[in-house]
Amino acid sequence: MFRNENANIWRSLYEKGSNDIRIPNDVFVRIASRYLHRDTDLRVCDVGMGTGANLLHLARRSRANGQPFHECVGLEISSEAILMAQERFEDEGSQAS
């Protein structure tokens, strides 16, 4: 029951365009640049990824460096947010599934 209520709240926010964040979190950007190195077996999981701004930042960063991360996964309860994230990744030529 709680999951459905939570999903409905997020669905409503995304349908209204109230939570369409396109810029990665500044703290995340700083942490990523300091601690995420491409020479390790890196796996990232963004729980509550929203429309994927943080993961898209990682995809752009790895493309710029010419070395893709081993695995990046995003989890999100809102199907609307997932669709928005998939569209953004596809628009940039990155794979999102």
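Let's start in helix H3, which covers residues 53-65 and holds arginine 63. Please keep in mind as you read that this is a predicted model.

Which residues does arginine 63 touch, once its neighbours within four places in sequence are left aside? The contacts are Glu92 and Ser94. Serine 94 sits 31 residues away from arginine 63 along the chain, yet the C-alpha atoms of these two residues are separated by 9.3 Å.

Next comes helix H2, made of residues 26-35, where we find tyrosine 35. Is tyrosine 35 buried or exposed? Its relative accessible area is 54%, so tyrosine 35 is exposed, the cut-off being over 50%.

Tyrosine 35 also belongs to a nonpolar patch on the surface, together with Val27 and Ile31. The accessible area of Val27, Ile31 and Tyr35 together is about 300 Å².

## The second largest pocket

If you like to look at pockets, here is one to explore: the second largest pocket holds about 210 Å³ of space. Its lining is made up of 17 residues, and those closest to the centre are Tyr14, Ile21, Gly48, Met49 and Gly50.

Which elements give two or more residues to this lining? They are helix H1, spanning 2-16, and H3.

Conventions:
Residues are numbered from 1 along each chain as its sequence is written. This is a predicted model: local features need pLDDT of at least 70, side-chain atom pairs count only at pLDDT 80 or more; totals for chains, interfaces and linings use all residues. Side-chain values use heavy atoms; hydrogens and water are left out. Helices (H or I, at least four residues) and strands (E, at least two) are DSSP runs, numbered from the N terminus. Contact means heavy atoms within 4.5 Å. Patches are made of residues with over 30% relative accessible area and no salt bridge: like charges are joined within 9 Å, nonpolar side chains (Val, Leu, Ile, Met, Phe, Trp, Tyr) within 5 Å. Accessible areas come from the Shrake-Rupley method with a 1.4 Å probe; for residues, only the protein chains shown count as cover. A salt bridge is a side-chain nitrogen of Lys or Arg within 4 Å of a carboxyl oxygen of Asp or Glu. Buried means under 20% relative accessible area, exposed over 50%, partly exposed in between (1.4 Å probe, protein chains only). On a 1 Å grid over the protein atoms alone, a cavity is a set of points where a 1.4 Å probe fits but cannot get out, and a pocket is an open set with protein on both sides within 12 Å along at least five of seven lines; lining residues have an atom within 4 Å of a point. Grid points are joined across faces, edges and corners, and a volume is the space filled by probe spheres set on the points.
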